[in-house]
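Okay everyone, thanks for coming. Let's have a look at this one together, and I'll talk you through it.

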Amino acid sequence: MSDNPLQPLFLTFQKVSNCIQTHFSSFISQSNHHPSLANKKPLFSISSSNIITSDIDTALIQQPKYILNKGTSAAPVTKEELGRATWTFLHTLAAQYPENPTRQQKKDVKQLMAILSRMYPCKECADHFREVLRVNPVQAGSHTEFSQWLCHVHNVVNRSLGKLVFPCERVDARWGKLECEQRACDLQGTASNFGD
């Protein structure tokens with residue numbers, strides 16, 4: 001087992017990122033070869049630096065979003081941006097979580113939530129999430145159980161922030177499985193149960 005407790009998170013994020021890149025590249029490739037689009041320029045292209053560009057204003061679009069929104073000086077990610085990115089990652093993870101997870105996968109998900117509650121870059125958020133987890137222990141016995149639990153927990157956080165709640169019966173429609181060739185986005189668990 002790795003000495004770095006965040007290694008499973010990094011590996012999962014890398015797999016999801018690779019899958020999204022593959023899917024997007026496939027989409028771009030299909031639209032470039034579609035007969036009705038043969039004589040049209042593509043709306044977007046990917047440069048050698050993997051920046052999505054279009055004919056609108058290449059120089060402007062290549063700038064990171066936070067630079068466009070905050071003038072010319074770079075600024076750290078806001079708490080809201082970090083929160084949205086974290087929930088996107090977690091819901092995507094839940095969408096890929098297997099219906100019959102291994103004991104190691106169940107353990108990893110619980111450990112990931114515990115790590116987030118201790119190491120999240122926003123101390124106030126981490127403390128709140130730790131309390132939410134204390135009242136709502138991780139439920140990860142199946143894909144359905146984990147995605148519903150995560151939706152419930154996200155709604156607990158949303159209520160505390162005065163935000164609208166999401167109808168959890170629609171969680172699979174909103175956060176469906178990623179479409180990847182040859183199941184490349186499936187979580188790769190191990191049947192071994194080190195530390196159990």
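So, here's a question to start with: what share of the contacts in the chain with a separation of 6 or more comes from residues 24 or more positions apart? It's 60%.

One thing to keep in mind is that this is a predicted model. The mean pLDDT of the chain is 73, and 54% of the residues get to 70 or more. Confidence is highest in helix α5, residues 103-119, with a mean of 97. At the other end, strand β1, residues 45-46, has the lowest, with a mean of 38.

Now look at residues 26-64, where pLDDT stays under 50. The model does have 25 contacts beyond four places in sequence for that stretch. Residues 189-196 are also below 50, with 11 contacts in the model beyond near neighbours in sequence.

Okay, the overall layout. We've got eight helices and two strands, and along the sequence the pattern goes α-β-β-α-α-α-α-α-α-α. Of the 196 residues, 29% count as buried. The chain exposes about 13200 Å², with 57% of that supplied by carbon and sulfur atoms.

Let's zoom in on α5 again. How does α5 pack with helix α6, residues 123-135? The angle is about 145 degrees, and the axes are 7 Å apart. On the α5 side you'll find Met113, Ala114, Leu116, Ser117 and Arg118, and they meet Ala126, Phe129, Arg130 and Leu133 in α6. Sort the residues of that contact and you get six nonpolar, one polar and two charged.

Methods:
Residues numbered from 1 in each chain as written. Predicted model: local features only at pLDDT ≥ 70, side-chain atom pairs only at ≥ 80, totals over all residues. Heavy atoms only, no water. pLDDT = per-residue confidence, 0-100. Helix = DSSP H or I, 4+ residues; strand = E, 2+ residues; numbered from the N terminus. Contact = heavy atoms within 4.5 Å. Axes fitted to C-alpha atoms, helices over the stretch in contact; angles between N-to-C directions. Nonpolar A, V, L, I, M, F, W, Y, C, P; charged D, E, K, R; others polar. Buried < 20%, exposed > 50% of the residue type's maximum accessible area, 1.4 Å probe, protein only. Areas by Shrake-Rupley, 256 points an atom, 1.4 Å probe, with all protein chains shown as cover.
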